[in-house]
Amino acid sequence: MTTRLSATSMPLAGVAMPAYDPESCGAGIVHIGVGAFHKAHQAVYTDTAMGLAGGDWRITGVSLRSADVASALNPQDGRYLLMVRDEAGDSARLIGSIAKVVVAPAEPDAVIQAVASPETRIVTLTVTEKAYGIDRATGGVDVTHDVITHDLNNPTTPKGLVGFLIAGLSRRREREAGPLTILCCDNLPENGRLVRRIVLDFAERVEPALAQWIARTVTFPSSMVDRITPATTSQTLQDAERLSGFSDMAAVETEPFSQWIVEDNFAAGRPEWEAAGALFVEDVAPYEKMKLRLLNGTHSLLAYAGFLAGHETVGEAVRNEALRAIAERQMQASAATLPPVPGIDLDAYRAELLARFANRAIRHLTYQIAMDGTEKLPQRICAPLGETLAANGDACAFAFAVAAWMRYCLGVTDDGRSYDLQDPRQAAIAARLDGVPRDADAIFDALSALQDVFPKELAGDPRMRGRVVEALSTILELGMAEAIRVHARRQV
Ligand code: NAD
């Protein structure tokens, strides 16, 4: 049996090792949501920064739900292999920045303690869009969200993200452990401002004085993160073992490209992430908007249309010429809604994105990207669509993505296979579609009434309705694969 990877492992030649002694560095960051993306992005920047500039910045990971990631990383002393997949070949690197992972349901007090510890100067987050429990109408917490309700009623024994942050911050204030930075790395617009708002709103509801302390002591920089990171599969683990010579249950695979644009507003210092390539700017908003609309918006289109046309991966979907033409049209229309982005040539950015999507060495599943559509559509598709209409533009370039999502909500492929929507609003979607005939107008009416997905003025705009119903009718009539061909030929 192959030996398990650990701090003392000497992997095979060709695997790059940490350029510092991880065990001699203290912890300075708590990361909540240790998924594939964190291991391929922030943990890697931190590993590089500690290698180049030192510092006590190791990461204490927190899993709010499953124990899997702790069972994978803790027996390996936090070590794992990062495999960078390129069409020219894979490269591998051992990452040493994660010190340990704490599982919240098993050790809730350890999570609160970690946030409250004076050693901790930054809390980073990648918990997916739905974990924040945002009320999109008010920007505050959604008091109908079951975890938010639980945590508001039980602030010292929380279960969810905001509840743990508040319990940790409350103890931090008691202990006078000093200022802290909370850095959101999820794909949400103006993510720092958004998290600040929900944290303050929650605190206001449990103890207004705590809200005032947080407003004075904690900063919430926004950040734009980018590195396409598919979920780890058994193939990832097998390839990692082949490359390192050790069994590694926490290996992760990713693409060569990586980008991190961060608002430089840290309350208690930070690693020298710029040494690892992060860009610190005053205003992240233009970069975030660019990435959400061009990368993520196109990803969503490719996911819904691609999945239903039988393309398992984004690479396959974007190599379908007709779907690629629809994607290019949507990208162009999205780019037209953007303000100038400092230092970025948008045409080159779009071309680079298409090349990244087509990377044959990466298997990013359309089904994975399709999950949580109700959380993703507003900022990726509805926002640029609404702005296009407000400027008297045409909804056509976005209509196929909306129609493809509506078709996806039916939960069954053209050849009759059912799939799970994996969406926090799937009960609401099912209720809206209950008894609705297989008719584009009826489906549009049912789903466009989901108000936190489609703002009222957008849902009621006949220009959007006309274009989406037209695309959805074609999809229902011809099936997705043929509808893609027909829609790509359609002149705008
Ligand atoms: P993942 O599934 O590997 O990890 C998701 C993490 O979020 C896990 O730790 C999980 O426990 C936690 N989580 C999920 N739902 C939760 C809930 N309801 N409450 C609390 N915690 C919850 O996914 P990932 O690939 O690591 O991506 C995570 C996030 O990172 C994405 O949603 C996105 O916002 C951001 N991101 C990912 C990528 C990528 O390519 N994977 C790129 C850019 C940004």
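Ring pairs join Tyr45, Trp260, Phe266, Trp273 and Phe280 into a cluster, where rings of Phe, Tyr and Trp (its six-membered ring) are taken to pair if their centres lie within 6.5 Å, and planes under 30 degrees apart count as stacked, over 60 as edge-to-face and the rest as tilted. The model is predicted, with local features requiring pLDDT of at least 70 and side-chain atom pairs counted only at pLDDT 80 or more, whereas totals for chains, interfaces and linings use all residues. Residues are numbered from 1 along each chain as its sequence is written, and side-chain values use heavy atoms, with hydrogens and water left out.

The structure holds 10 aromatic pairs. In one of them, Trp260 and Trp273 are tilted, at 4.6 Å centre to centre and with 45° between the planes. Trp260 belongs to strand E12 (residues 259-263) and Trp273 to the loop between E12 and strand E13 (279-281), so the pair ties together parts that are 13 residues apart in sequence. Trp260 counts as buried because its relative accessibility is 0%, and Trp273, at 1%, likewise counts as buried; the term denotes under 20% relative accessible area, with exposed meaning over 50% and partly exposed in between (1.4 Å probe, protein chains only).

The rings of Tyr408 and Tyr419 have centres 4.7 Å apart and planes at 35°, so this pair is tilted. Because Tyr408 lies in helix H16 (residues 396-408) and Tyr419 in the loop between H16 and helix H17 (426-433), the pair ties together parts that are 11 residues apart in sequence. Both Tyr408 and Tyr419 are buried.

Charged side chains also sit over rings, the criterion being NZ of Lys or CZ of Arg within 6 Å of the ring centre and within 35 degrees of the ring normal. The charged end of Arg270 is placed over the ring of Phe266, 5.8 Å from its centre, and that of Lys39 over the ring of Tyr80, 5.6 Å from its centre.

The protein as a whole contains 21 helices and 13 strands, defined as DSSP runs (helices H or I, at least four residues; strands E, at least two) numbered from the N terminus. Of its 492 residues, 57% count as buried. Among contacts (heavy atoms within 4.5 Å) with a separation of 6 or more, 78% involve residues 24 or more positions apart. Along the principal axes, the C-alpha trace spans about 65 × 55 × 45 Å.
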